Amino acid sequence: MATPAEVQTGFERYLRVDTQPLGVRLLRPGEPLPEGVRVPSEALGEHWIVCQSIGVARRYGWSVAVGRQDVVCPLAAVAFGLRRPSERLAAGEAALGMYCEDPEAAKRMEEAVWRLEPGTTDRICVAPLAKATFTPHVGVVYGNSAQIMRLVNAALFRRGGRLQSTTQGRLDCAELVIQPYLTQEPKVVLPCNGDRVFGMAQDTEVAFGFPWSLADELLEGLEATHRGGVRYPIPVAMRATPVMPERYQELLATLPED
């Protein structure tokens with residue numbers, strides 16, 4: 001099994017991503033905080049949400065963990081099992097008007113959120129793979145569409161078929177971490193509005209989450225498909241005789257041969 005640092009090295013070699021690939025561990029109640037991981041509310045006096053923590057980890061290179069006392073986003077707090085849902089949240093009040101036109105649609109949207117059982121998670125621990133002092137449950141990579149395409153190629157090298165991902169365009173932290181954790185399958189995820197506002201996800205970025213058990217398979221798939229000719233940066237077809245403007249062709253004919 002490759003170490004987190006070895007996985008990051010492989011991703012950097014074959015993907016050349018702009019921000020650091022991450023490992024995410026869902027710390028259970030009573031599970032000690034891994035070495036070198038800071039809790040924003042304790043270390044900085046700040047309360048961070050999950051997408052923000054992911055953004056800081058991949059851009060700053062920090063190892064962070066957020067829990068019940070940190071996460072001020074009610075949607076993420078409920079999705080990750082840090083808090084129990086209230087009747088108003090379960091009824092879809094957060095989605096009503098912003099994402100859905102009526103209470104019934106909003107309730108259905110809330111019911112479709114990927115989530116963990118309340119009390120099962122104490123903190124969400126996020127770190128760059130190269131610095132991870134823990135075994136991740138999930139790996140997370142942000143990249144452009146070509147880089148994420150390469151990860152899809154890698155994921156399907158052994159198994160074939162296609163990847164199945166679901167998205168709401170909302171609460172991408174749950175789709176990126178909880179979805180692959182529960183299904184044990186890799187997933188392509190669209191950064192949500194909150195991730196763009198608080199996690200600084202860019203319009204050019206797509207995300208990819210995968211269960212850590214598939215890390216070796218992804219590395220092997222990246223290497224094999226690279227060897228097979230599917231590479232990043234994507235090679236472009238440049239070998240052809242260009243057609244010059246007519247005047248250039250006439251001028252070429254006037255040039256001395258010697």
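This is a predicted model: local features need pLDDT of at least 70, side-chain atom pairs count only at pLDDT 80 or more; totals for chains, interfaces and linings use all residues.
1. The backbone oxygen of leucine 222 sits 3.3 Å from a polar atom of the arginine 150 side chain.

2. Arginine 150 belongs to helix H7, residues 145-156. Arginine 150 is buried but has no salt bridge. Glutamate 223 is the nearest side chain of opposite charge, and it is 10 Å away. A salt bridge would need the charged atoms within 4 Å.

3. What does arginine 150 contact, leaving aside its neighbours within four places in sequence? The partners are Leu15, Leu222, Thr225, His226, Val230, Arg231 and Tyr232.

4. H7 packs against helix H10, residues 215-228, with axes that come within 7 Å and cross at roughly 105°. The two helices are therefore roughly perpendicular to each other. On the H7 side, the contact is made by Arg150, Leu151, Asn153, Ala154 and Ala155. H10 contributes Glu217, Leu218, Gly221, Leu222, Thr225 and His226.

5. Arginine 231 is in the loop between H10 and helix H11 (246-254). Its relative accessibility is 35%, so arginine 231 counts as partly exposed. Arginine 150, by contrast, is buried.

6. Not counting residues up to four places away in sequence, arginine 231 touches Arg150 and His226. The arginine 231 side chain reaches the backbone oxygen of histidine 226 at 2.7 Å.

7. Arginine 231 and glutamine 147 are 84 residues apart in sequence. In space, their C-alpha atoms are 9.1 Å apart.

Definitions and conventions
Residues are numbered from 1 along each chain as its sequence is written. Side-chain values use heavy atoms; hydrogens and water are left out. Helices (H or I, at least four residues) and strands (E, at least two) are DSSP runs, numbered from the N terminus. Buried means under 20% relative accessible area, exposed over 50%, partly exposed in between (1.4 Å probe, protein chains only). Lys and Arg count as positive and Asp and Glu as negative; His and the chain ends are not counted. A polar contact is a pair of N or O atoms within 3.5 Å; within protein, one must be able to donate a hydrogen and the other to accept it, and residues adjacent in sequence count only if both atoms are side-chain atoms. Contact means heavy atoms within 4.5 Å. Axes are lines fitted to C-alpha atoms, for helices over the stretch in contact, and angles run from 0 to 180 degrees between N-to-C directions. Angles under 35 degrees count as roughly parallel, over 145 as roughly antiparallel, 65 to 115 as roughly perpendicular and the rest as oblique.
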